[in-house]
Amino acid sequence: MENLTKKRENYISWDEYFMGIAILSSKRSKDPNTQVGACIVKDNKIIGMGYNGLPRGCSDDSFPWDKEGDFLNTKYPFIVHAELNAILNSIKSDLKGSKIYVGLFPCNECAKAIIQSGIKEIFYLSDKYRDSDIFKASKLMLDNANVTYTQLPPMKDIVLQIDPDYI
Ligand SMILES: O=c1[nH]c(=O)n([C@H]2C[C@H](O)[C@@H](COP(=O)(O)O)O2)cc1CO
Ligand SMILES: [Zn+2]
């Protein structure tokens with residue numbers, strides 16, 4: 001029988017909590033190939049969230065989602081990356097000393113925005129584009145600017161499922 005007199009022990013860690021929220025945010029993304037979410041945290045409080053998508057007011061149905069073809073016929077010139085959205089949407093203007101949780105290692109443009117906004121720690125899950133020069137440039141800048149980056153384990157057992165008894 002369940003012991004209701006003692007503290008629960010199988011609660012999720014802060015890292016799992018914030019990364020879980022980043023991944024939940026990524027579920028809003030319309031990108032058919034890669035969905036990225038980001039969550040900015042200061043003093044264990046969430047101060048910004050974002051996912052990869054078109055700029056506000058640009059219709060998800062009017063722009064291309066293709067990966068290949070003429071540049072203007074692909075998604076790449078149009079998408080705002082999750083990290084930049086989280087920075088731009090943050091509720092505090094001062095992000096100095098904060099952390100960012102993000103599903104995918106930040107690209108060079110996001111690394112610039114992270115550094116300039118004062119974020120000091122990055123936690124990420126996937127580094128699937130590590131061999132590309134964009135990510136090598138990103139790491140060069142982050143290392144120089146003393147922004148740390150740490151890969152978190154995949155958190156395979158966290159499933160969002162609402163127990164029918166809960167309602
Ligand atoms: O740092 C990032 N943050 C971010 O939100 N993205 C987004 C842009 C695209 O919508 C998608 C990458 O698409 P793809 O893997 O098909 O190239 O992820 C991509 C990166 C890394 O390039
Ligand atoms: Zn980026």
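**Zinc site and its surroundings in the predicted model**

Cys-107 is buried, its relative accessible area being 9% (buried, under 20%; exposed, over 50%; partly exposed, in between; 1.4 Å probe, protein chains only). The model is predicted: local features need pLDDT of at least 70, side-chain atom pairs count only at pLDDT 80 or more, and totals for chains, interfaces and linings use all residues. Residues are numbered from 1 along each chain as its sequence is written, chains are lettered from A and ligands numbered from 1 in the order in which they are written, and side-chain values use heavy atoms, with hydrogens and water left out.

The SG atom of Cys-107 coordinates the zinc ion (ligand 2). His-81 (ND1) and Cys-110 (SG) also coordinate this ion, and the distances run from 2.0 to 2.3 Å. Donors are N, O and S atoms within 2.8 Å of the metal (3.2 Å for Na, K and Ca); water is not among the atoms, so sites may look incomplete. The donor spacing in sequence is H-x25-C-x2-C. His-81 lies in the loop between β2 (45-51) and α2, and Cys-107 in the loop between β3 (99-104) and α3 (108-117), so the pair ties together parts 26 residues apart in sequence. Helices (H or I, at least four residues) and strands (E, at least two) are DSSP runs, numbered from the N terminus. His-81 is partly exposed, at 34% relative accessibility.

UniProt lists Glu-83 under "active site" in an unreviewed entry. UniProt positions are given in the numbering used here, feature names are shortened, and annotations may be inferred rather than shown by experiment. Glu-83 lies in helix α2 (residues 82-88). At 4% relative accessibility, Glu-83 is buried. Leaving aside neighbours within four places in sequence, the contacts of Glu-83 (heavy atoms within 4.5 Å) include the zinc donors Cys-107 and Cys-110. Among the other contacts of Glu-83 are Ala-38, Ile-100, Phe-105 and Ile-114.

Two asparagines have positive phi values. Phi of Asn-44 is near 60°. Asn-44 sits in the loop between β1 (37-42) and β2. The residue Asn-44 is partly exposed, at 33% relative accessibility. Asn-146 has a positive phi of about 60°, although it is not a glycine. Asn-146 lies in the loop between α4 (133-144) and β5 (148-151). With a relative accessible area of 61%, Asn-146 is exposed.
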